[in-house]
Amino acid sequence: MITQSELQRLFEYNEKTGVFVRKVKTAIATRVGEQSGYLNNQGYVRMRVNGKTYQAHALAWLYVFGELPNLIDHIDGKRSNNAINNLRVANKSINGFNREKKSVSSSIFKGVLWNKKCRKWESKINANGKRKHLGFFSYEQEAAHAYNKAAIELHGEYARLNPIGVKGQQ
């Protein structure tokens, strides 16, 4: 496994941009001064270091803090943004709070879906491994407000809110 000192010897890391630049030539195909890493099919930047592939966000954390946590969350949800102020240590459950809405949902909002049986918008949220029903609403925006309020209460700083705010706080 790579160490902080070895990583700092091989690369320069820009904390504002999240970009690694090679300082040492380690293979025929590498060049000093070039940006390191490639975007994988899931949107993460990956890097090869000493014959092993790493997620760039993990290496950024190691470079700055000297440790490799099990899971790192991208605060803005952009998997390629490895600026250090966009990264935070998380666990699997907390990381899930920051996910975007499912693309197959009937609503444009996270945690909101159309309930055909009731003919109303339904709001739900996952918390502590269980799905919590937040209510039925006549308007999609009302259901989104209910989701945002519950997300703030349950997930705090890790909550990914709908771009509608919280009712009464706009």
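## Briefing: aromatic pairs, an open sheet and selected residues

The structure holds six aromatic pairs; rings of Phe, Tyr and Trp (its six-membered ring) pair if their centres lie within 6.5 Å, and planes under 30 degrees apart count as stacked, over 60 as edge-to-face and the rest as tilted. This is a predicted model, in which local features need pLDDT of at least 70 and side-chain atom pairs count only at pLDDT 80 or more, while totals for chains, interfaces and linings use all residues. Residues are numbered from 1 along each chain as its sequence is written, and side-chain values use heavy atoms, with hydrogens and water left out.

**Aromatic cluster**

- The ring centres of Tyr 13 and Phe 20 lie 4.8 Å apart with the planes at 35°, so this pair is tilted.
- Tyr 13 is buried at 5% relative accessibility, and Phe 20 is buried at 1%; buried means under 20% relative accessible area, exposed over 50% and partly exposed in between (1.4 Å probe, protein chains only).
- Tyr 13 also forms a tilted pair with Tyr 63, at 5.6 Å centre to centre and 55° between the planes.
- Because Tyr 13 lies in strand 1 (residues 11-14) and Tyr 63 in helix 2, their pair ties together parts that are 50 residues apart in sequence; helices (H or I, at least four residues) and strands (E, at least two) are DSSP runs, numbered from the N terminus.
- Tyr 63 counts as buried at 11% relative accessibility.
- One aromatic cluster is formed by Phe 11, Tyr 13, Phe 20 and Tyr 63.

**Helix 2**

- Helix 2 (residues 56-65) is mostly covered, with eight of its ten residues buried.
- Among the buried residues of helix 2 are His 57, Leu 59, Trp 61 and Tyr 63.
- Gly 66 follows helix 2 and has a positive phi, near 80°.

- Three strands form an open sheet in the order 9-10-11, with antiparallel pairing; two strands pair if DSSP finds at least two bridges between them.
- Strand 9 (112-115) and strand 11 (130-137) stand at the edges with a single partner strand each, so one side of each is left without a neighbour in the sheet.
- Neighbouring strands of this sheet are turned by 35° against each other on average, direction ignored; axes are lines fitted to C-alpha atoms, for helices over the stretch in contact, and angles run from 0 to 180 degrees between N-to-C directions.
- Strand 10 (residues 120-127) runs antiparallel to strand 11, and seven bridges join the two.
- Trp 121 stands opposite Phe 137 in strand 11.
- Helix 4 (residues 140-155) packs on the sheet and touches strand 9, strand 10 and strand 11, where contact means heavy atoms within 4.5 Å.
- The direction of helix 4 makes about 10° with that of strand 10.

**Positive phi in loops**

- Asn 50 has a positive phi of about 50° although it is not a glycine; Asn 50 lies in the loop between strand 5 (45-49) and strand 6 (52-55).
- Asn 50 is exposed, at 54% relative accessibility.
- Arg 119, likewise not a glycine, has a positive phi of about 60° and is placed in the loop between strand 9 and strand 10.
- Arg 119 is exposed, with a relative accessible area of 65%.

**Asp 73**

- Asp 73 is placed in strand 7 (residues 72-74) and is buried, with a relative accessible area of 3%.
- Asp 73 and Tyr 158 are 85 residues apart in sequence, with a C-alpha to C-alpha distance of 9.0 Å.
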